[in-house]
Protein chains: 2
Amino acid sequence: MKLQVALDTLSLEECIQLLEQTKGSVEIAEVGTPFIIEEGMVPVKEIHKRFPKVEVLADAKIMDAGEFEADKCFEAGASIVTVLGVSHDETIQGVVRSAKNHNGKVMVDMINVHDLATRTKEIDEMGVDYICVHTAFDVQQSGQDPLEELKIVNKVINHAKSAVAGGVKLETIQDIVNEGAEIIVVGGAICNAKNRAKMAKEMKGYLKS
Amino acid sequence: MKLQVALDTLSLEECIQLLEQTKGSVEIAEVGTPFIIEEGMVPVKEIHKRFPKVEVLADAKIMDAGEFEADKCFEAGASIVTVLGVSHDETIQGVVRSAKNHNGKVMVDMINVHDLATRTKEIDEMGVDYICVHTAFDVQQSGQDPLEELKIVNKVINHAKSAVAGGVKLETIQDIVNEGAEIIVVGGAICNAKNRAKMAKEMKGYLKS
C-alpha cells in the first residue's frame, strides 16, 4: 500500500516544504488538477528533480487527446498520469500507449462514472495500472465517501490495482485499509494539518506494507 | 456567430503570430487543454495582454472543484472557461458562480455525454452561457462529426447558446452555419493551413453576422 498526498492548494514552495517534512511517509506526490491549471508542468518538473525517490503523479484528468496529453506529462517527469473513466475508450487507450512508451503508469479516475461495475470491467481490460474511485470535492459536503465504490471496484478487477481518493481522513482510513487498495490518496487531511509530518506518519502507520 | 480558433499544438510564439495573422477573422482565442497542461495560465495571461480585443477561452475542461479552478482561469484573464458536461451538477454550478463573480462566461463541453438531449436540458437550466457539442479528437478518425449532435442541442436549449467543435473544416462549415451555432471552433483547419490568414478569413466569410 502506498500513501499519495494530493497537492492542490499550496504554492510550489509549500509543497516542497511539505514533501521534506513528510519524507518516509509519502510515496507519491500528486500535482493536483488546479495546480496544473495554474502552473502547467512546472511543479511536476520541480518536484521530480528535487525528490527523485518520490513518484510524481500528474493529475491531468485527461478527457481527450489521450496520447498527446499524457506524453507531455511523462516527458515532464511524471511517473503516473490520470485519465477520466468517463472519457472515450480511445482516449484511455492513448494514455496507455503513452505510458508504455515512457515506462510510466496510468491511473483512471472514476469520478462521476455512473455504472461503476460495468465501466470498471471495461477499463480493467485496457492495460491500465490503477483504477481510482474518487468522491468529487464538489460533493463531499453531502456526506458521500468513496468506501462503497471501492468495494464495487475491488469485486470486479482482475488486472489493475485499486486506488481511492476523496476526503480520506484519519477517521476513515482504517476501513479503507481493511477493504484494501494499492494507493490511498490524502489531500486536505495532511495539507491542512497543524503538524503535517505527524499526520502523514500517523496515516502511513495504518497502511499495510 | 463567432469564430474561435483552438490553439493546441503550437508554441506561444506561434500562437501570437497566428493571432496577428488572423486579426479581424478570429473573435475567440482558445488556449487548448494540452497547452494548459504544459504551460498553465501563462498563455492565457500573455494572449489576454497582447490581444485585449480578442476573448480568451481557457479550455480547462473542469471536472471537479468547479469554482476554485474556474477562479484561477478568470483571474488569469480568461473571458470564457470550459467545464465538462459529464461532471457533477455541483461542479458546473461552481463554475457558474465563479463566472458571475468575475463577469466571465461558461462553456459546457458535451464531449462523450451519452444522453445528450436530457443532459443538455438539465445544464440549460444552470445559467451557463454556451453548450458546446464536441467530437473528441480521439474519435474523429472514425468519421464522426458534430453536426448531428448540434441539431439535438439546438432543438432543446432555451437559455444557453450552442457552440460546436471537433474537426470543423472548410468542407463542413456551411452545414454548421445553416444549422446555427453562436460559436464555431476551428483547430487544425486553421493552425495547419499553409496560409492561416486566408483560411481564417475564408471560414469567417461563411459565418452569419
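Two packed helices are described by the angle between their axes and the distance between the axes. The model discussed here is predicted.

## Helices α1 and α3 of chain B

In chain B, helix α1 (residues 12-21) packs with helix α3 (residues 42-50) at an angle of about 30°, and their axes are 11 Å apart. Angles under 35 degrees count as roughly parallel, and α1(B) and α3(B) are therefore roughly parallel to each other. The crossing of α1(B) past α3(B) is right-handed.

On the α1(B) side, the contact is made by B:Leu12, B:Glu13, B:Ile16 and B:Leu19; on the α3(B) side, by B:Val42, B:Pro43, B:Glu46, B:Ile47 and B:Arg50. Six residues of this contact between α1(B) and α3(B) are nonpolar and three are charged, with no polar residues.

## Helices α6 and α7 of chain A

In chain A, the axes of helix α6 (residues 116-124) and helix α7 (residues 147-156) come within 9 Å and cross at roughly 45°. That angle makes α6(A) oblique to α7(A). The crossing of α6(A) past α7(A) is right-handed.

Helix α6(A) contributes A:Leu116, A:Ala117, A:Thr120, A:Lys121 and A:Asp124 to the contact, while α7(A) contributes A:Glu149, A:Ile152, A:Val153 and A:Val156. By class, the residues of the contact of α6(A) with α7(A) comprise five nonpolar, one polar and three charged.

Key: Residues numbered from 1 in each chain as written. Chains lettered and ligands numbered in written order. Predicted model: local features only at pLDDT ≥ 70, side-chain atom pairs only at ≥ 80, totals over all residues. Heavy atoms only, no water. Axes fitted to C-alpha atoms, helices over the stretch in contact; angles between N-to-C directions. Helix = DSSP H or I, 4+ residues; strand = E, 2+ residues; numbered from the N terminus. Parallel < 35°, antiparallel > 145°, perpendicular 65-115°, else oblique. Left-handed = near helix turned anticlockwise from the far one by under 90°. Contact = heavy atoms within 4.5 Å. Nonpolar A, V, L, I, M, F, W, Y, C, P; charged D, E, K, R; others polar.
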